[in-house]
Amino acid sequence: TSALAKTASRTIFINNSDFGGVSYDKNLIPHLMKNIKNEKNQFIILHLLGSHFHYKRRYPKEFSLFTGQNPPRDEDLTTEQKEIINEYDNSIAYTDDLLATVINSLKTVDKAITITYFSDHGQILYDNGLDIYGHGGGKYPTNHELQIPFIFWANEKYKRNNTNYNKVLNEFKDQSFSSIDFIQFYTRLLDFSITGIELPKLNKETIYFYNAHGEKTVFKENK
């Protein structure tokens, strides 16, 4: 990720520790707001820690919303397992609030803006009787690890200026597709091309993912 970030025209690192350190994603917002007004056309990436373990280090104390609660699960869970699930849910609540803050902040900027959010992977949290959490711990990834959120938002100025907006959104609405195909969706939605690169055709029938060995694998329903 750092190698890719260094290819950008401007790079800001605010977390100098590994995943074990404490760093809150909202600290990125002042840098976003400072830089988004500088140029006419910009592509800005916020690389979040999100819900990477340790979950309890991803949110401040005021977001300890699920502490001591029993998760609504069918599995019999130990006290430690319940605590880890609660900490994960707290980290999700913090990310929800972060996204709302970013959207509301960018509504004040007088330029056409879109926001795209998705995760690189999901998490398994003792699901289906498995005594594991995190991701990549099993022989075959579960749905919990492979299925991720995808959010797209555009302000009114962007919608008015981009006639392709509704057409592309309606085509992809309510349709499952892989993040491998994201560049197809994004280039069409924003109506731009990438010089010198031939993009693969979008496959709406089959969804793929890359396994731990870097092999392109067909996604299938797997608990």
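Biologist: How many aromatic pairs does the count come to?

Modeller: The model is a predicted one, and in it the count comes to 13 aromatic pairs.

Biologist: By what is a pair of aromatic rings described?

Modeller: Two quantities describe such a pair: the distance of the centres and the angle of the planes. For Phe-152 and Tyr-165, the ring centres are 6.3 Å apart and the planes stand at 35 degrees, so this pair is tilted. The two residues are 13 positions apart and link distant parts of the chain, with Phe-152 in strand β4 and Tyr-165 in helix α6. Phe-152 and Tyr-165 are both buried. The rings of Tyr-158 and Tyr-165 have centres 6.0 Å apart and planes at 80 degrees; planes over 60 degrees apart count as edge-to-face, so this pair is edge-to-face.

Biologist: Are Tyr-158 and Tyr-165 buried or exposed?

Modeller: The cut-off for buried is under 20% relative accessible area. Tyr-158 has 8% and is therefore buried; Tyr-165, with 10%, is buried as well.

Biologist: Which residues do ring pairs link into a cluster?

Modeller: The cluster consists of Phe-43, Phe-118, Phe-150, Phe-182 and Tyr-186, linked by ring pairs.

Biologist: Which residues of helix α6 are buried, and which are exposed on its other side?

Modeller: An α-helix has 3.6 residues a turn, so residues three or four places apart point the same way. In α6, which spans residues 165–172, the buried residues are Tyr-165, Val-168 and Phe-172. Viewed down the helix axis, the buried residues of α6 fall within an arc of 85 degrees, so they line one face. Asn-166, Lys-167 and Asn-170 are exposed on the other side. The buried residues pack against β4 (150–154), α5 (156–161) and α7 (182–190). After α6 comes Asp-174, with a positive phi near 60 degrees.

Biologist: How many residues has the largest nonpolar core, and which of them have the most contacts inside it?

Modeller: In soluble globular proteins, nonpolar side chains tend to be buried together. Here the largest nonpolar core has 16 residues, and Val-102, Leu-106, Ile-113 and Ile-115 have the most contacts inside it. At least two residues of this core come from each of α2 (29–35), α3 (79–106) and β1 (114–118). Helix α3 gives the largest share, five residues. Another core, of 10 residues, lies apart from this one and includes Ala-154, Tyr-158, Phe-172 and Phe-185.

Biologist: What percentage of the residues in the protein is buried?

Modeller: Of the 223 residues in the protein, 35% are buried. The protein exposes about 14,800 Å², and carbon and sulfur atoms supply 50% of that area.

Conventions. Residues numbered from 1 in each chain as written. Predicted model: local features only at pLDDT ≥ 70, side-chain atom pairs only at ≥ 80, totals over all residues. Heavy atoms only, no water. Buried < 20%, exposed > 50% of the residue type's maximum accessible area, 1.4 Å probe, protein only. Helix = DSSP H or I, 4+ residues; strand = E, 2+ residues; numbered from the N terminus. Arc of directions from axis to C-beta. Contact = heavy atoms within 4.5 Å. Areas by Shrake-Rupley, 256 points an atom, 1.4 Å probe, with all protein chains shown as cover. Core = buried A, V, L, I, M, F, W, Y, C linked by side-chain atoms within 4.5 Å. Phe/Tyr/Trp six-rings, centres within 6.5 Å; stacked < 30°, edge-to-face > 60°.
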